[in-house]
Every structure is written in C-alpha cells, then in structure tokens.
Amino acid sequence: MDSKRIGAFIIDFIIIALIYDIPFFIFVMIPILQGNNNATVIMPRAFLCVFFAYFLLVFKDAFKNGSFGKKIMKLKIIDLETKEDASLGKRILRNITWILSWMEFIVYLTSNKRIGDILAKTDVVSIS
C-alpha cells in the first residue's frame, strides 16, 4: 500500500510540476533570458507561479475519487469515521498541510500517516 501511495504522489507531483513549469517559463524564464532582470517585475511573477503550484497541490484531490495519481494507482480517500468516500472539504483540508512539506515527509516516514490525514481524519486505501 505504501508503495502505491508514494507512486500516486510521484505521478501527481510530476503532473503539477509540468503544469507549473509552463507559466514559470513564460513569465519568469523568458524575460530573464531576454535580459529583463528587473527584480520588481520578476519576483512577483515567480511568487505567483509558486502560489499557482501550491494551489494545484491543495486542490489535486478535488475530483470525487482523488487525484490522477490515486486513480492510476487505484487508491481513494476515505473518511476515517464513516469509512465512506471523504467529502470535498476533507479532501482539500488534508492537502493544505503541504505547506509544511518537509514536516509532512518526516511525519509520514515515522508514522505512515500524513499530518493532513490526521487533521482531516482521512485515510488513503486501495480499491483493488
């Protein structure tokens, strides 16, 4: 199960990184390569791109059965109390904690539970 969950995260991360790279390249890298090194223009654009990537990470499980990675790996997010599919609110709440990214990894490696899953009272289970 852990390898499926890690695989799903890697798939999601690659998809988000590819989507994020498009606006970052257009709004940050191309102007820099053209010689526009004005930090008052480039830095806000870079921050907006990072915000966009974080937005994608938080809302990646907004689909009913979770993210593309979870669908590919045949996983789903359930509510720990009802054992039913987690609500949209819980699916989003569990991903807000990705702002604590390195802490999420440490907690997951030591407890097999993400901070987001503990906070939202959710779990990721295999559907096959």
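Predicted model: local features only at pLDDT ≥ 70, side-chain atom pairs only at ≥ 80, totals over all residues.
**Surface patch**

A nonpolar patch on the surface is formed by Ile-22, Phe-25, Ile-26, Phe-27 and Leu-33. Together these residues have about 530 Å² of accessible area. One of them, Ile-26, is placed in helix H1, which covers residues 2-33.

**Tyr-54**

Helix H2, residues 39-58, contains Tyr-54. With a relative accessibility of 24%, Tyr-54 also falls in the partly exposed class. The two residues described so far by accessibility are set out below.

| Residue | Helix | Relative accessibility |
|---|---|---|
| Tyr-54 | H2 (residues 39-58) | 24% |

Leaving aside residues up to four places away in sequence, Tyr-54 touches Asn-95, Ile-96, Trp-98 and Ile-99. Between Tyr-54 and Glu-81 the sequence separation is 27 residues, and their C-alpha atoms are 28 Å apart in space.

**Packing of H2 and H4**

Two packed helices are described by the angle between their axes and the distance between the axes. H2 packs with helix H4, residues 88-96, at an angle of about 135°, and the axes are 8 Å apart. H2 is therefore oblique to H4, since angles over 145 degrees would be needed for roughly antiparallel. On the H2 side, the contact is made by Tyr-54, Leu-57 and Val-58. H4 contributes Ile-92, Asn-95 and Ile-96. Asn-95 and Ile-96 are also among the residues that Tyr-54 touches.

Terms used. Residues numbered from 1 in each chain as written. Heavy atoms only, no water. Patch = residues over 30% accessible without salt bridge, like charges linked within 9 Å, V, L, I, M, F, W, Y side chains within 5 Å. Areas by Shrake-Rupley, 256 points an atom, 1.4 Å probe, with all protein chains shown as cover. Salt bridge = Lys/Arg side-chain N within 4 Å of Asp/Glu carboxyl O. Helix = DSSP H or I, 4+ residues; strand = E, 2+ residues; numbered from the N terminus. Buried < 20%, exposed > 50% of the residue type's maximum accessible area, 1.4 Å probe, protein only. Contact = heavy atoms within 4.5 Å. Axes fitted to C-alpha atoms, helices over the stretch in contact; angles between N-to-C directions. Parallel < 35°, antiparallel > 145°, perpendicular 65-115°, else oblique.
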